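Here is a short briefing on one protein chain. Look at the structure first, then read the points below.

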Amino acid sequence: MKYLFFVAMTLLIFSGCTYKNEALSLESYKAEYKGPLTRDQKIVYLRTVKDLRAKKNIIGYVDQKSGSAINFYSNENFAEKYTEGLGYALNLAGFNTNADTNEANLVVEVAIKDIELVYNDKNFDANLKGEIEIEVVVRKGDEVITQNFRQKGSKWIAPSYNSKDLEPFLYSLFTDSIDQIVTRLTRM
């Protein structure tokens, strides 16, 4: 009887303390753009937003020394989220986005190259690190300008056994990268 109780308690402890790897979700961009506004009513056409990552559902991993890897994954369509967020932020910055390619002063193409979150529960300073890498191609008349953006961040979070705890950090990287792109476009 004692042996059965010991086995039951051991199973309860280990199953309750295991990592719960759920798909991360990403909220839509909210009215958060506080950067510079465009001086003149420029017309921007957002032609495409492409997600160029090889594995679109994997967005990071838990850095651990053991052989088993735990990946963070998401079922979100990041290209769609960026299209929506950039359109909203461009309007907040004073750009006119209701135009086609022929009318636009700036034609913008966005490529998501990498999204990576790394959690290491052995660090006592910044145990969560993340990076979003984006390439933006802007056509301004006959001129073509290619710019690369790397939004990096790190913070300490309490030891976590649930991937949902990473969503606020992913959202902050997402919004900061949108703000960075729109800020750069206001200077063109």
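Tyr-88 is partly exposed, with a relative accessible area of 39%. Buried means under 20% relative accessible area, exposed over 50%, and partly exposed in between (1.4 Å probe, protein chains only). This is a predicted model: local features need pLDDT of at least 70, side-chain atom pairs count only at pLDDT 80 or more, and totals for chains, interfaces and linings use all residues. Residues are numbered from 1 along each chain as its sequence is written, and side-chain values use heavy atoms, with hydrogens and water left out.

**Aromatic pairs**
- The structure holds three aromatic pairs. Rings of Phe, Tyr and Trp (its six-membered ring) pair if their centres lie within 6.5 Å; planes under 30 degrees apart count as stacked, over 60 as edge-to-face and the rest as tilted.
- Tyr-29 and Tyr-88 pair edge-to-face, 6.4 Å centre to centre, with 70 degrees between the planes.
- Tyr-29 sits in the loop between helix H1 (2-16) and S1, and Tyr-88 in helix H2, so the pair ties together parts 59 residues apart in sequence. Helices (H or I, at least four residues) and strands (E, at least two) are DSSP runs, numbered from the N terminus.
- Tyr-29 is buried, with a relative accessible area of 6%.
- The ring centres of Tyr-82 and Phe-174 are 5.0 Å apart and their planes are at 80 degrees, so this pair is edge-to-face.
- Tyr-82 belongs to helix H2 and Phe-174 to helix H3, 92 residues apart. Both are buried.
- Ring pairs join Tyr-82, Tyr-171 and Phe-174 into a cluster.

**Helix H2**
- Asn-77 caps the N-terminal end of H2: a side-chain oxygen lies 3.3 Å from the backbone nitrogen of Ala-79.
- Buried residues of H2 include Phe-78, Tyr-82, Leu-86 and Leu-90.
- What covers the buried residues of H2 includes strand S4 (106-119), strand S5 (128-140) and helix H3 (167-186). Contact means heavy atoms within 4.5 Å.
- Gly-94 follows H2, and its phi is positive, near 95 degrees.

**Nonpolar core**
- The largest nonpolar core has 42 residues, of which Leu-117, Val-182 and Leu-185 touch the most other members. Such a core is a set of buried Ala, Val, Leu, Ile, Met, Phe, Trp, Tyr and Cys residues joined through side-chain atoms within 4.5 Å.
- H3 gives the most to this core, with nine residues.
- Leaving aside neighbours within four places in sequence, Val-182 is in contact with residues including Tyr-33, Leu-86 and Phe-95.

Note on methods: A polar contact is a pair of N or O atoms within 3.5 Å; within protein, one must be able to donate a hydrogen and the other to accept it, and residues adjacent in sequence count only if both atoms are side-chain atoms.
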